[in-house]
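I opened my notebook to look up a few places in this structure. Here are my entries, in the order I made them.

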Amino acid sequence: MGEMSIFASKFSTSSMSLKDYDDALRYLKKKDIAKNPETEAKIEKILRVVNPVSDVIQGKLSISTEIDENSVLNIIRHRHEKDWFLYKEKIVGLDHKLLNGEFELSGQDIDVLNDIGDALDVECGTLFKRLRTV
Amino acid sequence: MIQGYLESHVKEQIERSLYLKSLIPRKVYPELIGLADRCSRILDDNIGYLRFLLQQLELRNAGDVRDLYRSFRVAYRDIETVEYFGIPALHFQTDSSKFLNKFIFAIKDEINLPFVAPAVACFSNGYFWVHGTTNVMFMPIGEANSLLHLPDVFHELGHSTLFNRENDLRLGEIKITYSEIIRKITTYFENSYNKKQKRTGPPEVPMIIRHLHSQWKSWVNEFFSDLFACYTLGPAYTWAHLHLTTKKCDDVYKFEKPPVPQSHPSDDSRMKLLEIGLKKTGFSSEAQEIRSIWDCMPFVTSSSPIYEYQYAYPISLMEDLAELVLNGMKKSEISILTPEILNKLDDKSIRKILNEAWKNFWKNPNFREWETTTLRTLNQSYA
């Protein structure tokens, strides 16, 4: 069958993940947020992107199907080639922090989250381009 | 300055969305109402979202716009999605696409799908494919004049079913099934990975296993859609797979080594899975018949898989997948075709006609004549 169904489906799930991710990031950037179900839901949205990427860095097989974690990781790695050895630890550290329910983000955390968001945006753009060039 | 520039961009996109909305035809035939409504809704949602981004831009300090920029791009792509894959399908309608729209709506009823059937657009240059967001099935312009590849519509409906699983309680069992399949895949490859790491052997094997896990998470959509078509339509879909492979496939044992991704599983693996599916629904003799022809085809007899291929399609995983999908579809009350049900179907049933088409193809020397008459009758029924 036409491979476009696959790209259309991948694009749709990745794009939805990115939208949720950025909405959650905007929420977590706010000052004075409390630990409540809304905050937990936002952390969950962020983790849906960060956790699969962190899993690959740690050599685990990720169960996620919402993003292509290998593609996203390749984009981040390419952009941080020079300091990759140190940079990847920032992603893993942030993943552990969020998994532990910590939601107060430092400036460095927000920069890393923006880097991951940018990589997912590039991935969405690539998938969309595949669809347009049918 | 950047804020001001982004603000102009956002306003431009709002204007574009409003213009696109004005392009949605006021009058469409019933099978296209869902598409017209969906296009409007996606545009409305994005207009609202872009207005929200405008408010956010006003609150930001200079340079603090990375997330807003990404969100703007998400909205921009959504709007382009409607422009490229939604509205044109409403504009470029022919008698053929009108027939196929009604035909697919009838299939939806026949197999008891809970969601609105996709609208059809006959200007694809990428064979059959479905765009879930706009809910449009793209088909080549000539497909309305032949019955042999129409079974592929059932495969695309499988993709639509997966796409709709998150937001339709009536597809709750499909959602559960999908998660269970992903867990099975991950457990299988985790175990293989751990075993291979402990043993001596080519060092690249663990890397291939990791790559295959990632591939399977993508291939599962294709496998699911194949099984969906096999379980709802029976042998006709498997014949269509053989027919398409004969026409288009370059390598039935295609295997891309890591890190190169392969969008579809190999045609050999898909045939193996369809064989399993046919046997599970009682079509064992048909499975055997198709297999005997497949095995004699030049694309099988003149090629062989590379060494690493042995790791790609474990039969136990394919058996599990076929069983899980069958149970999930049954629980979702999607109509499964068995030989007994096929025999009892009305002569007007699309599933009956498509299976008859394949029987005729093999046995009737005047197949084209039969096909033309049948298509004429179908066109009258779904005019």
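**Entry 1: a phenylalanine in chain B**

I needed a cut-off before I began: a residue is buried if 20 or more other C-beta atoms lie within 10 Å of its own, exposed if 12 or fewer, and partly exposed in between. I also noted that the model is a predicted one.

Is B:Phe103 buried or exposed? I found 21 other C-beta atoms within 10 Å, so B:Phe103 is buried. I placed B:Phe103 in helix α5 of chain B, which covers residues 95-110. I then left aside the neighbours within four places in sequence. B:Phe103 is in contact with B:Ile350 and B:Tyr382. I also checked B:Phe103 against B:Val120. They are 17 residues apart in sequence and 9.7 Å apart in space, C-alpha to C-alpha.

**Entry 2: where the two chains touch**

How many residues of chain A are in contact with chain B? I read off 27 residues of chain A, in contact with 37 residues of chain B. On the chain A side, α1 (4-29) and α5 (107-132) each supply at least two residues. The largest share comes from α1(A), with twelve residues. I sorted this side of chain A by class and got eleven nonpolar, nine polar and seven charged residues.

**Entry 3: an aspartate in α1 of chain A**

Next I picked A:Asp22, which lies in helix α1 of chain A. It has 25 C-beta neighbours inside 10 Å, so A:Asp22 counts as buried. Which residues is A:Asp22 in contact with, leaving aside its neighbours within four places in sequence? I found A:Gly117 in chain A, and B:Asp67, B:Arg70 and B:Ser71 in chain B. I also looked at A:Ile46. A:Asp22 and A:Ile46 are 24 residues apart in sequence, and 8.2 Å lie between their C-alpha atoms.

I started with α1 (residues 2-22) and α2 (residues 30-59) of chain B. They pack at an angle of about 160°, with axes 10 Å apart. Angles over 145 degrees count as roughly antiparallel, and α1(B) and α2(B) are therefore roughly antiparallel to each other. Their crossing is left-handed. The residues making the contact include B:Leu6, B:Val10 and B:Ile14 of α1(B), and B:Leu43, B:Ile47 and B:Leu50 of α2(B). By class, I noted ten nonpolar, five polar and two charged residues in the contact of α1(B) with α2(B).

Then I turned to α7 (residues 172-198) and α8 (residues 204-233) of chain B. Here the angle is about 175° and the axes are 9 Å apart. So α7(B) and α8(B) are also roughly antiparallel to each other. Among the residues in contact are B:Ile181, B:Ile185 and B:Phe189 of α7(B), and B:Ile209, B:Leu212 and B:Trp216 of α8(B). The contact of α7(B) with α8(B) has eleven nonpolar, four polar and three charged residues.

**Entry 4: backbone exceptions in chain B**

I wrote down the background: most residues other than glycine have a negative phi, and most peptide bonds are trans. I looked for exceptions.

B:Asn112 has a positive phi of about 65°, although it is not a glycine. I found B:Asn112 in the loop between α5 and β1 (119-121) of chain B. B:Asn112 counts as partly exposed because it has 13 C-beta neighbours inside 10 Å.

B:Glu333 has a positive phi near 65° and is a residue other than glycine. B:Glu333 lies in the loop between α13 (315-331) and α14 (339-344) of chain B. With 12 other C-beta atoms within 10 Å, B:Glu333 is exposed.

Which two residues does a cis peptide bond join? They are B:Pro258 and B:Pro259, with omega about 5°. I traced B:Pro259 to the loop between α9 (235-248) and α10 (267-280) of chain B.

**Entry 5: domains of chain B**

Last, I looked up the domains. Chain B is divided into domain 1 (2-91) and domain 2 (165-331). Their centres, taken over C-alpha atoms, are separated by 38 Å.

Key
Residues are numbered from 1 along each chain as its sequence is written. Chains are lettered from A and ligands numbered from 1 in the order in which they are written. This is a predicted model: local features need pLDDT of at least 70, side-chain atom pairs count only at pLDDT 80 or more; totals for chains, interfaces and linings use all residues. Two residues are in contact if their C-beta atoms, placed from the backbone, lie within 7 Å. Helices (H or I, at least four residues) and strands (E, at least two) are DSSP runs, numbered from the N terminus. Ala, Val, Leu, Ile, Met, Phe, Trp, Tyr, Cys and Pro count as nonpolar, Asp, Glu, Lys and Arg as charged, and the others, Gly among them, as polar. Axes are lines fitted to C-alpha atoms, for helices over the stretch in contact, and angles run from 0 to 180 degrees between N-to-C directions. Angles under 35 degrees count as roughly parallel, over 145 as roughly antiparallel, 65 to 115 as roughly perpendicular and the rest as oblique. Domain bounds come from an automatic or database domain assignment. A crossing is left-handed if the near helix is turned anticlockwise from the far one by less than a right angle, and right-handed if clockwise.
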